[in-house]
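The following note is intended for a student reading this structure for the first time. Please keep the sequence and the structure in view while going through the numbered points.

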Amino acid sequence: MLKYIKSELYRALHSKEIHGTAIGLLAIVLFMNLTLGLMKNVEHFRYGTTSFSYSMLVSVPMMYCYVAADVAAMLYESDRRNGTMGNSIASGFSRVQLLAGKCIVCFVVSLVLLAVTLPVYIGSAMLLLNASGPTTVRDMLMEVPAMSLIATGFLILAVVLLDFFENSFFSVVTWLAVILIVPKLLLFAGMLLPFGGDALMDAAMWMPVNFLTAASRVNLSECVTIWDTGAGMARCLLSGAAGILVFGGTGVLLLKKRDI
C-alpha cells in the first residue's frame, strides 16, 4: 500500500490539473489583494484593509471542503471509467486499501495547496493593505484546525462517491446534496414540525453548513466565528471526526458490494 501511495503522490504532484489549481489559487489571491491595494487610497473606499481580505475566506469556511473535493475529482474522477480501479484490484490491492490510499493522497495534496496558498494570501495582504479591521491573521489561522477534520470528512465522501458512481455527474450531485441540501432540509423540517422538531433541529445543527453559518458573523464591523470559543472549536472537531467515521465506514460497505 505504501508503494501505491508513493506512486499516486508522485502522479498527483506532477499533475497538470494540480499545478493549474495551485497557480489559479495563487493568481486569485494575488489579484484580489493587489486590486484592493491599488484602491485603498481612493476616497470612501472601505475595503483596502487586511481585515476585508482575510474575511473573504473566514466568512466562507466551507471553501476548504470545496477545494478538497475538487482535488479528489481532479485525481480520481476517471478511475472507474478508464478501468484504473479494476487494474489496481487485479494487482492485489483490496478496495479498502485503495480507498484509504486515495484519501491519504488527496489529503496530502490538499495540504500542499494550503501550505503554498495561505502564506501568499497573508503575506500579500500584509504588504499591500492597511492593517486594520476586526478580522485578523489569528482568525484566519484558527480556521485551519477548525475546518481540518470537516474538510477531510467531505474529501473522503468525494472519493467514495467517485469510486461508487461511474458517472461523475452523479458523484457531484450526491456530494452537494449530502453537504448542502440535506442539512438545510433537516433544519427547515425541524423549524416547521410541531412534534419532534427540536430533536431534528439539534441534529441539523451538528451539520457543518448549518452551525458554521448560524454561529458566525464576519463583516466590516465585526468578526465572530464559531472557533473563537472552546465549545465552538470542539463542535467543529467532533462534527468532522463523525463525518470521517460515517463517510469512511459507509464507503467501505458500499465499495465491497459494488462491482468493478
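1. Is Cys 65 buried or exposed? Cys 65 counts as buried because its relative accessibility is 0%. Here buried means under 20% relative accessible area, exposed means over 50%, and partly exposed lies in between, for a 1.4 Å probe and protein chains only.

2. A word on the basis of these points is in order. The model is predicted, so local features need pLDDT of at least 70 and side-chain atom pairs count only at pLDDT 80 or more, while totals for chains, interfaces and linings use all residues. Residues are numbered from 1 along each chain as its sequence is written, and side-chain values use heavy atoms, with hydrogens and water left out.

3. How many disulfides are there? The count comes to 0, a disulfide being a pair of cysteine sulfur atoms within 2.5 Å. The sulfur of Cys 65 has its closest cysteine sulfur in Cys 236, 10 Å away, which is too far for a bond. Cys 223 is likewise in no disulfide, the nearest cysteine sulfur, that of Cys 236, being 13 Å away. Cys 223 is buried, at a relative accessible area of 15%.

4. The next point concerns the nonpolar core, defined as a set of buried Ala, Val, Leu, Ile, Met, Phe, Trp, Tyr and Cys residues joined through side-chain atoms within 4.5 Å. The largest such core has 59 residues, and Leu 75 and Phe 154 have the most contacts inside it. Helix 7 supplies the largest share of this core, 14 residues. Helices are DSSP runs of H or I with at least four residues, strands are runs of E with at least two, and both are numbered from the N terminus. Not counting residues up to four places away in sequence, Phe 154 touches Met 62, Cys 65, Trp 175, Ile 179, Pro 208 and Phe 247, where contact means heavy atoms within 4.5 Å. As general background, nonpolar side chains in soluble globular proteins tend to be buried together.

5. How many salt bridges does the structure hold? There are 3, each a side-chain nitrogen of Lys or Arg within 4 Å of a carboxyl oxygen of Asp or Glu. Lys 102 pairs with Asp 163, with the closest N and O atoms 2.8 Å apart. This pair links distant parts of the chain, since Lys 102 is in helix 6 and Asp 163 in helix 7, 61 residues apart. Lys 102 is buried, with a relative accessible area of 1%, and Asp 163 is buried, also with a value of 1%.

6. Another salt bridge joins Arg 11 to Glu 8, the closest N and O atoms being 2.9 Å apart. Both residues lie in helix 1 (residues 2–13), 3 residues apart, or about one turn of the helix. Arg 11 is partly exposed at 36% relative accessibility, whereas Glu 8 is buried at 11%. A further bridge joins Arg 217 to Glu 222, with 3.2 Å between the closest N and O atoms. Arg 217 is partly exposed at 44%, and Glu 222 is partly exposed at 26%.

7. Asp 139 is buried yet has no salt bridge, and the nearest side chain of opposite charge, Arg 138, is 4.5 Å away. For charge, Lys and Arg count as positive and Asp and Glu as negative, while His and the chain ends are not counted. Beyond its neighbours within four places in sequence, Asp 139 contacts Val 58, Pro 134, Cys 223, Trp 227 and Asp 228.

8. Helix 6 (residues 95–128) contains Thr 117, which is buried with a relative accessible area of 11%. The side chain of Thr 117 reaches the backbone oxygen of Leu 113 at 2.8 Å. Apart from neighbours within four places in sequence, Thr 117 is in contact with Leu 25, Leu 26 and Val 29. Leu 128 is also found in helix 6 and, at 30% relative accessibility, is partly exposed. With the neighbours within four places again left aside, Leu 128 is in contact with Asn 33, Leu 34, Gly 37 and Lys 40.

9. His 44 lies in the loop between helix 2 (16–39) and helix 3 (50–58). The phi of His 44 is near 70°, a positive value in a residue other than glycine. Most residues other than glycine have a negative phi. His 44 is exposed, with a relative accessible area of 72%.

Key:
Polar contact = N/O pair within 3.5 Å; in protein donor to acceptor, adjacent residues only side chain to side chain.
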